[in-house]
Amino acid sequence: MKTNKATVKMIQPPAGDAIAPLVKEMLENLGEDVQREGLVRTPERVARAMRFLTSGYQMDVKQVVNGALFTVKYDEMVIMKDIEFFSMCEHHMLPFFGKVHVAYIPRERVIGLSKLPRLVDVFARRLQIQERMTQQIAQTIQELIDPVGVGVICEARHFCMMMRGVEKQHSGAVTSAMLGAFRNRKATRDEFLSLVNSGK
């Protein structure tokens, strides 16, 4: 199955603070008094928070990896479990959060272990949907080191389901992206799932 390349779209923030005035206007439209003590500086705080929570738009994969790709003779599965993440749902701009499990089978190169959580952050810190984020992480690893296969599982809980809509506080979503051997070989996929679930 042919996959589309994971695109890291760089979006430059506008000059000046364009977000804070919009937050102030939103608060006024909600019927709030933006001059009361608790809200006087809220627009600026929200602007800074949104810049941080969507900082993935300014991240470049090559700079994040920073050359930490190493040639080794190792052909067993590499797994990093329980990579915590926070993201923002693009439909309601409410948080979703959880854990990502990443595995790959090297062909000739491996990625420095500390870079895997950073790659997760590249895609989590932007307006997202869980399905796309899961695929982007897997495709980026595939493009970086051309492994025999890549597997990514994402487990998340969504505030847009917990706080509004169906209001189900204990439901979670699980998505996966399996490339190469993880898609084509059941034994490889089963080993990954078994190792992810061990200890739970």
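This is a predicted model: local features need pLDDT of at least 70, side-chain atom pairs count only at pLDDT 80 or more; totals for chains, interfaces and linings use all residues.
A residue is called buried when its relative accessible area is under 20%, and exposed when that value is over 50%, with partly exposed residues in between.

Two polar partners can be found for the side chain of T134. One is the backbone oxygen of Q130, which lies 2.8 Å from a polar atom of that side chain. The other is the side chain of T175, joined to the side chain of T134 by a polar contact of 2.7 Å.

With a relative accessibility of 1%, C154 counts as buried. C89 counts as buried too, because its relative accessibility of 6% falls under the 20% limit. How many disulfides does the structure hold? The number is 0. A disulfide is a covalent bond between the sulfur atoms of two cysteines, and the criterion applied here requires the two sulfur atoms to be within 2.5 Å. For C89, the closest cysteine sulfur belongs to C160 and is 4.1 Å away, which is too far for a bond. For C154, the closest cysteine sulfur is that of C89, at 13 Å, and therefore also too far for a bond.

Another buried residue is found in a loop. T54 lies between helix 2 (42-53) and helix 3 (61-65). Its relative accessible area is 15%, and T54 is therefore classed as buried. Leaving aside neighbours within four places in sequence, T54 is in contact with R125, R126 and L127.

Y74 is located in the loop that links strand 1 (69-71) to strand 2 (78-89). Is Y74 buried, exposed or partly exposed? Y74 is partly exposed, because its relative accessible area is 41%, a value between the limits of 20% and 50%. Together with F70 and V72, Y74 makes a nonpolar surface patch of about 270 Å².

How values were computed
Residues are numbered from 1 along each chain as its sequence is written. Side-chain values use heavy atoms; hydrogens and water are left out. A polar contact is a pair of N or O atoms within 3.5 Å; within protein, one must be able to donate a hydrogen and the other to accept it, and residues adjacent in sequence count only if both atoms are side-chain atoms. Patches are made of residues with over 30% relative accessible area and no salt bridge: like charges are joined within 9 Å, nonpolar side chains (Val, Leu, Ile, Met, Phe, Trp, Tyr) within 5 Å. Accessible areas come from the Shrake-Rupley method with a 1.4 Å probe; for residues, only the protein chains shown count as cover. A salt bridge is a side-chain nitrogen of Lys or Arg within 4 Å of a carboxyl oxygen of Asp or Glu. Helices (H or I, at least four residues) and strands (E, at least two) are DSSP runs, numbered from the N terminus. Buried means under 20% relative accessible area, exposed over 50%, partly exposed in between (1.4 Å probe, protein chains only). Contact means heavy atoms within 4.5 Å.
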